[in-house]
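Open the model in your viewer and keep the sequence panel handy. We'll go from stop to stop, selecting as we go.

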Amino acid sequence: MTGPADAGGRGGAALPTGWRLHAFDTVGSTNDEAKSLARAGAPHGTLVTARIQESGRGRRGRSWSSPEGNLFLSAVLRPEAPAARAAQLSFAAAVALAECLGAFLPVGITIAAKWPNDVLLEGAKVAGILLEAESGDGQGGWVVLGVGVNCRHHPEDAPYPATSLAAHGAVSPVPGLVLRAFVDRLDHWIVRWTREGFEPVRRAWLGWAVGIGGPVTVRLDRETLEGRFADLDTDGALLLELPGGVRRRIHAGDVHFGTGVGGS
Ligand code: BTN
């Protein structure tokens, strides 16, 4: 690990009040750096970014391609809520990403949110979110919200088709600019979630969501289910309507649109 390289950030607009950036050059994973800072008492709003991640992590034990030119950001958050509810912040982050990315893109590019926490451009994944918590279920704990945005590069061999801002004609897909635009919206949504609960976040997420009401295949650890994506439940679970009408709440899994696509 090298750094911190630049505690003030690399140009662009200021961060909202209460956010502080630790910018590193090369790290294993910004989530690991942020977790170390959280364990050492770093306050809510501590941000960690890096130019390169050598072992970036994705959801479900996957690796996250992390070349220079993309955004790797982790935020220490200390919500006054149990860990189960704090997981809703990943939906707030998905909404914040969906809202901010349009400013970097030509008009007409379709931005969408895919359950649970992916952001898509024209149907391909441009950003992912990894929320990690270690401090149990008590109040006053912390979570680390990790966000990766493919600004200039995207992997060709990802389990889901991937893309980047640059591939869609973004004019200035600069990680530092995307970071500031994102944190601005994230700050807004965390304030609303804290004051009003999950419902406004849920409604906003549904406004960006793709696939609601349609057929989906959901891959879980030990089984693959096919059904209809009936709704996003009031706690963020995917409500899957199985053939026959029984509804099942899904808390973690991989979603593919359509049926008969559970193999990849
Ligand atoms: C996913 O869609 O699988 C989640 C990807 C999360 C990647 C980000 S990059 C910054 C932070 N550090 C990591 O190691 N992972 C997250």
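Before the first selection, one term: a residue is buried when its relative accessible area is under 20%, exposed when that is over 50%, and partly exposed in between, using a 1.4 Å probe and protein chains only. You are looking at a predicted model, where local features need pLDDT of at least 70 and side-chain atom pairs count only at pLDDT 80 or more, while totals for chains, interfaces and linings use all residues. Residues are numbered from 1 along each chain as its sequence is written, and side-chain values use heavy atoms, with hydrogens and water left out.

**Stop one: strand β7**

Select residues 143-149, which make up strand β7. (Helices, H or I with at least four residues, and strands, E with at least two, are DSSP runs numbered from the N terminus.) Seven of the seven residues here are buried, so β7 is largely enclosed by the rest of the structure. Show the side chains next. In a regular strand, side chains alternate between the two faces of the sheet. In β7, Val143, Leu145, Val147 and Val149 point one way, while Val144, Gly146 and Gly148 point the other.

Strand β3 (residues 71-77) runs antiparallel to β7 and is joined to it by seven bridges. Strand β6 (residues 124-133) is also antiparallel to β7, again with seven bridges. Which residue of β7 is the bridge partner of Val76? Click on Val144, which is that partner. Val144 is also the bridge partner of Glu132.

**Stop two: the sheet around β7**

Zoom out to see seven strands in an open sheet, ordered β1-β2-β3-β7-β6-β5-β4, with mixed pairing. Its edge strands are β1 (20-27) and β4 (111-114), each pairing on one side only. From one strand to the next, the twist averages 20° (axes are lines fitted to C-alpha atoms, for helices over the stretch in contact, and angles run from 0 to 180 degrees between N-to-C directions). Then pick strand β5 (residues 118-121), which pairs with β6 in the antiparallel sense over three bridges. Leu120 stands opposite Lys125 in β6.

While you're here, select Lys114 and Tyr160. The charged end of Lys114 sits over the Tyr160 ring, 4.2 Å from its centre; the rule asks for NZ of Lys or CZ of Arg within 6 Å of the ring centre and within 35 degrees of the ring normal.

**Stop three: the other sheet**

Jump to five strands that form an open, antiparallel sheet in the order β11-β10-β9-β8-β12. At its edges are β11 (247-250) and β12 (254-257), each of which pairs on one side only. Neighbouring strands of this sheet are turned by 45° against each other on average, direction ignored. Four bridges join β9 (residues 224-232) to β10 (residues 238-241), and the two run antiparallel. Find Asp231 and look across: Leu239 in β10 stands opposite.

**Stop four: helix α4**

Helix α4 has 22 residues and reaches 31 Å from first C-alpha to last, close to the 32 Å expected (the expected span is 1.5 Å times one less than the number of residues). Among its buried residues are Phe182, Leu186, Trp189 and Trp193. Just after α4, Gly197 takes a positive phi of about 85°.

**Stop five: a cluster of rings**

Select Phe91, Phe198 and Trp205, which ring pairs link into a cluster. Rings of Phe, Tyr and Trp (its six-membered ring) pair if their centres lie within 6.5 Å; planes under 30 degrees apart count as stacked, over 60 as edge-to-face and the rest as tilted. By this rule the model has two aromatic pairs. The centres of Phe91 and Phe198 are 5.7 Å apart and their planes meet at 70°, so this pair is edge-to-face. Phe91 and Trp205 are edge-to-face too, at 5.6 Å centre to centre and 80° between the planes. Phe91 lies in helix α3 and Trp205 in helix α5, so their pair ties together parts 114 residues apart in sequence. Phe91 is buried at 5% relative accessible area, and Trp205 is buried at 0%.

**Last stop: two cysteines**

How many disulfides does a search of the whole structure find? The count is zero, where a disulfide means a pair of cysteine sulfur atoms within 2.5 Å. Select Cys100: the closest cysteine sulfur, in Cys151, is 9.5 Å away, too far for a bond. Cys100 is buried, with 4% relative accessible area, and Cys151 counts as buried at 0%.

Key: Pairing = 2+ DSSP bridges.
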